[in-house]
Amino acid sequence: MRAAIRIAALALLVVAACVRTPPHGGATGVAPEMKTSVGPVPGAGPDIDGMANPYAADRTAMTEGRQLFVRFNCSGCHGGRAGGGMGPSLRDVDWIYGSRDAQLFSSIAEGRAHGMPAWQAHLTADQVWKLVTYIKSLRTSNEPQAPPSQ
């Protein structure tokens, strides 16, 4: 019994040491490349206000966006044809954070609360715009690899 209490106490100390903020703004010991953003990243991000999607209605970009959607496992949350899963459907008409191209760019790049990670550290702006172009093609006759009609 005493050994179990000692092990539990030691485990608590280790956990407390890992999550404690270092004094005087020192480093936490976590390498920057090991950190993963989960939501908006502080600081200046890409300036997309008023920026137009350079790939709007570009069928090649739609196909490349579909390939990025698959490669980065977006379907793991949003479903194979973006119809929803544990993440929301991207085929819906109404969107919480807006459906304009710049708003979609922001959602992908910066992430959103409740599960959407920020992808700006992993994707170029060019790739994000191609994903936006693919998402905007959903439910249209231009959609690459559309699901079969029912």
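Me: Which residues of H2 are buried?

Reply: In this predicted model, the buried residues of H2 are Ala-61, Met-62, Gly-65, Arg-66, Leu-68 and Phe-69. They cover an arc of only 160° around the axis, so they sit on the same side of H2.

Me: And which residues are exposed on the other side of H2?

Reply: Thr-60 and Arg-71 are exposed there.

Me: What span should the 13 residues of H2 have?

Reply: At 1.5 Å a residue, they should span 18 Å. The end C-alpha atoms of H2 are 18 Å apart, which agrees.

Me: What happens at the start of H2?

Reply: Asp-58 reaches in. One of its side-chain oxygens comes to within 2.9 Å of the backbone nitrogen of Thr-60.

Me: Which residue with a positive phi follows H2?

Reply: Asn-73 follows H2, and its phi is near 55°.

Me: New topic, the core. How many residues does the largest nonpolar core have?

Reply: It has 20 residues. Phe-69, Ile-108, Val-132 and Ile-135 are those with the most contacts inside it. Helices H2 (59-71), H4 (101-110) and H5 (125-137) each supply at least two residues of this core. H5 gives the largest share, six residues.

Me: Why do nonpolar side chains end up together?

Reply: As a general rule for soluble globular proteins, nonpolar side chains tend to be buried together.

Me: Back to Phe-69. What does Phe-69 touch?

Reply: Leave out residues up to four places away in sequence. Then Phe-69 touches Cys-74, Ser-75, His-78, Gly-79, Gly-80, Ala-82, Leu-90, Leu-131 and Tyr-134.

Me: Now H5. Which of its residues are buried?

Reply: Val-128, Trp-129, Lys-130, Leu-131, Val-132, Thr-133, Tyr-134, Ile-135 and Ser-137 are the buried residues of H5. They pack against H2 and H4.

Me: How many residues does H5 have, and how far does it reach?

Reply: H5 has 13 residues. From first C-alpha to last it reaches 18 Å, close to the 18 Å expected at 1.5 Å a residue.

Me: What about H4, mostly covered or mostly uncovered?

Reply: Mostly covered. Eight of the 10 residues in H4 are buried. They are Asp-101, Ala-102, Leu-104, Phe-105, Ser-106, Ser-107, Ile-108 and Ala-109. These buried residues pack against H5.

Me: What follows H4?

Reply: Gly-111 follows H4, with a positive phi near 80°.

Me: You listed Ser-107. What is its relative accessible area?

Reply: It is 13%, so Ser-107 counts as buried. The cut-off for buried is under 20%.

Me: What else is Ser-107 in contact with, beyond its neighbours in sequence?

Reply: Set aside residues within four places in sequence. Ser-107 is then in contact with Tyr-97, Arg-112 and Met-116. The side chains of Ser-107 and Arg-112 are joined by a polar contact of 2.9 Å.

Me: Last one, Arg-139. Where is it found?

Reply: Arg-139 is in the segment after H5. Its phi is positive, near 70°. With a relative accessible area of 48%, Arg-139 is partly exposed.

Me: What is Arg-139 in contact with?

Reply: Leaving aside neighbours within four places in sequence, Arg-139 is in contact with Leu-90, Arg-91, Asp-92 and Val-93.

Me: How many residues apart are Arg-139 and Leu-90 in sequence?

Reply: They are 49 residues apart in sequence. In space, they are 9.6 Å apart, C-alpha to C-alpha.

Key
Residues are numbered from 1 along each chain as its sequence is written. Side-chain values use heavy atoms; hydrogens and water are left out. A nonpolar core is a set of buried Ala, Val, Leu, Ile, Met, Phe, Trp, Tyr and Cys residues joined through side-chain atoms within 4.5 Å. Buried means under 20% relative accessible area, exposed over 50%, partly exposed in between (1.4 Å probe, protein chains only). Helices (H or I, at least four residues) and strands (E, at least two) are DSSP runs, numbered from the N terminus. Contact means heavy atoms within 4.5 Å. The expected span of a helix is 1.5 Å times one less than its number of residues. The arc is that of the directions from the helix axis to the C-beta atoms. A polar contact is a pair of N or O atoms within 3.5 Å; within protein, one must be able to donate a hydrogen and the other to accept it, and residues adjacent in sequence count only if both atoms are side-chain atoms.
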